Amino acid sequence: MDGALVARRFLELLAREASAVEFEGPIIEARAAGADPATIEELEQAKVEALRVRELLKRRARREAELSALYDTAGDLAALRDLDAVLEAIVHRARQLLATDVAYMTLHDPEQGDTYMRVTDGSISAKFRALRLAMGAGLGGLVAQTAVPYSTADYFADARFRHKNDIDEAVKEEGLVAILGVPLRLGQRVIGVLMAANRSARPFHQEEVSLLASLAAHAAVAIDNARLLQETRNALEELSQAHRIAREHGDAVERGALAHDRMTSLVLRGGGIEDVAAVVTDVLGGSLAVLDDLGRPLTGDVGELDSGVFEAAQASRALGRTVRRGDLLIASVDVGGEPLCTLILRSDDADERILERAALVCALLLLFRRSVAEAEGRVRGELLDDLISRPDSPGLTDRARRLGVDLHAPHVVVVAKHGGQRERAAFWASSQAALRHGLAAGRGDEVVLLLPGENAGRIAQNVAAELSASLHSTATAGAAGTAVEGNVAGAYQEARRCAEALIALGRAGDGASAAELGFVGLLVGDGRDVRGFVSRVLGAVTDYDARRGTALADTMAAYFGSGGSPSRTAEAMHIHVNTVTQRLDRIGKLLGDGWLEPERALEIQLALRLHRLGHTSTP
């Protein structure tokens with residue numbers, strides 16, 4: 001057979017992209033025509049060369065398609081507008097180029113630490129499309145964990161990766177058998193996996209792995225470009241917003257600075273809280289109230305305030321800014337966790353910064369007042385400590401006079417015991433001492449006051465009530481008068497015993513002197529005022545006996561001595577039992593109801609004993 005003719009036949013087969021089987025045709029025809037073995041050998045060699053050319057052309061065509069797909073993908077990236085559309089195009093091209101049944105992409109979820117389905121092409125299972133793969137689980141999880149491509153011709157028979165029931169069930173529902181996965185990488189970081197899969201067993205060649213890896217690189221670039229583009233848009237939006245805010249802030253700052261200058265100027269000229277409040281209402285309008293640390297108004301009135309306002313004040317201190325509640329703007333300032341002052345502005349629309357500046361100015365004014373009071377309190381406390389601990393120190397009277405305290409006048413020493421909040425209790429005591437021209441000092445869990453006056457019991461009750469209200473906890477006060485000039489130390493000890501006695505008697509939160517403690521007062525009081533005790537307990541009866549010449553006191557003594565029996569009392573006194581009954585009725589009218597109750601009866605019996613022993617003459 002002519003060589004030129006043979007070459008022509010094989011070129012025609014190549015030109016029309018004939019199948020490999022058709023290249024056997026010329027050889028079969030030659031054998032049928034009786035060609036010699038040399039001719040047949042020549043045709044075999046020509047066939048082999050033609051098939052090589054055919055395979056080369058086929059690979060080049062495939063490569064051309066791959067390059068075209070990569071070029072189109074690069075074009076999509078250059079004109080990136082919609083990230084979802086670009087990723088869907090990449091996955092679709094991967095499926096077409098690798099001629100697989102399914103292609104899909106998973107992305108890393110940094111919050112949950114796994115990967116999730118981002119895009120699928122050719123998938124028919126809803127469960128598969130909603131699948132999440134933990135790092136290292138399944139083929140996709142293995143690729144994400146190791147950043148190395150993996151492929152399997154038969155997924156369920158491959159033991160190189162960890163199988164999980166939920167993943168295997170989703171893969172089985174999708175019908176996948178052969179799977180190829182390559183990592184999506186940004187630098188050294190894996191952000192996802194691009195995968196192609198078949199529903200029948202098939203191997204994946206290195207060229208297919210390289211192609212899918214190239215598409216994965218484009219997908220990673222697309223994702224990163226989309227992120228950068230979004231960040232750029234966000235930055236531009238934030239910059240625009242920041243510009244608007246800066247302009248508005250500048251206007252507000254200028255307005256606030258003017259208001260602050262006015263408030264500062266007022267303070268420097270000696271103005272007070274009321275003057276600052278007047279500036280705020282002049283600038284912002286509305287009505288303003290300033291409350292102290294206990295929520296009491298220092299100036300202004302915004303009507304009745306509910307508990308929500310004080311909760312808002314607490315939130316303002318915690319946040320360090322103004323809090324709005326309805327038509328109220330609330331700015332509160334604290335020091336060391338303790339509230340100092342609260343400003344409440346009733347206004348629909350006002351500059352919160354100005355109110356915050358005003359709150360700071362008011363807080364500084366109150367702190368200044370507090371520091372002055374504390375300095376004076378320290379001086380007063382040191383003097384009271386010396387009067388108690390070093391009463392013989394020279395110059396105590398002169399030091400007291402310089403503080404406006406006349407030690408020659410009647411005074412009462414009060415010892416108030418409290419459960420805690422030493423600083424608050426000491427501040428309250430110091431304030432009271434300054435207001436009443438007295439002295440105050442803190443001593444551990446108690447405060448000591450030296451206050452002008454003579455009614456020790458009443459003063460103790462007032463101190464207990466007011467200190468308890470200030471601390472929002474129980475305070476117990478004992479008191480004693482300085483009967484002897486300068487006897488502050490002795491009065492302190494007696495007042496302290498009174499306070500301890502009140503607590504022991506279950507009367508915590510009360511206030512009393514020895515006189516109000518009944519017979520217990522005889523035990524804790526230094527003066528041992530027996531006459532006063534007998535007079536308080538039996539005075540009404542003994543005075544009646546003195547005026548009428550009766551024997552009511554003796555009748556009481558006999559009645560208690562006979563165990564409360566009227567008949568035995570009558571027998572002991574040699575009188576009729578009716579007389580005893582009449583005398584007991586008269587005693588009840590003089591002493592009041594309840595004179596036979598155990599505690600009262602005990603005091604009466606003690607007073608009767610002292611009266612009969614003649615101790616009423618004791619000074």
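The following legends describe close-up views of a predicted model.

**View 1. An open sheet of six strands with antiparallel pairing.** The strands follow the order S3-S2-S1-S6-S5-S4. Strand S3 (132–134) and strand S4 (150–152) stand at the edges with a single partner strand each, so one side of each has no neighbour in the sheet. On average, and with direction ignored, neighbouring strands of this sheet are turned by 25 degrees against each other.

**View 2. The pairing of strands S1 and S2.** Strand S1 (residues 102–109) is joined to strand S2 (residues 114–121) in the antiparallel sense, over seven bridges. Leu 107 stands opposite Tyr 116, a residue of S2.

**View 3. The packing of helices H19 and H20.** Helix H19 comprises residues 566–573 and helix H20 residues 577–591. The two helices pack at an angle of about 110 degrees, and their axes lie 8 Å apart. Because angles of 65 to 115 degrees count as roughly perpendicular, H19 and H20 are described as roughly perpendicular to each other. On the H19 side, the contact involves Pro 566, Ser 567, Thr 569, Ala 570 and Met 573, which meet Val 577, Val 580 and Arg 583 of H20. The residues of this contact divide into five nonpolar, two polar and one charged.

View 4. Arg 443 has a relative accessible area of 26% and is partly exposed. When residues up to four places away in sequence are not counted, Arg 443 touches Asp 385, Ile 388, Ser 389, Val 448 and Tyr 492. Asp 385 is 58 residues apart from Arg 443 along the chain, and their C-alpha atoms are separated by 9.1 Å.

Note on methods. Residues numbered from 1 in each chain as written. Predicted model: local features only at pLDDT ≥ 70, side-chain atom pairs only at ≥ 80, totals over all residues. Heavy atoms only, no water. Pairing = 2+ DSSP bridges. Helix = DSSP H or I, 4+ residues; strand = E, 2+ residues; numbered from the N terminus. Axes fitted to C-alpha atoms, helices over the stretch in contact; angles between N-to-C directions. Parallel < 35°, antiparallel > 145°, perpendicular 65-115°, else oblique. Contact = heavy atoms within 4.5 Å. Nonpolar A, V, L, I, M, F, W, Y, C, P; charged D, E, K, R; others polar. Buried < 20%, exposed > 50% of the residue type's maximum accessible area, 1.4 Å probe, protein only.
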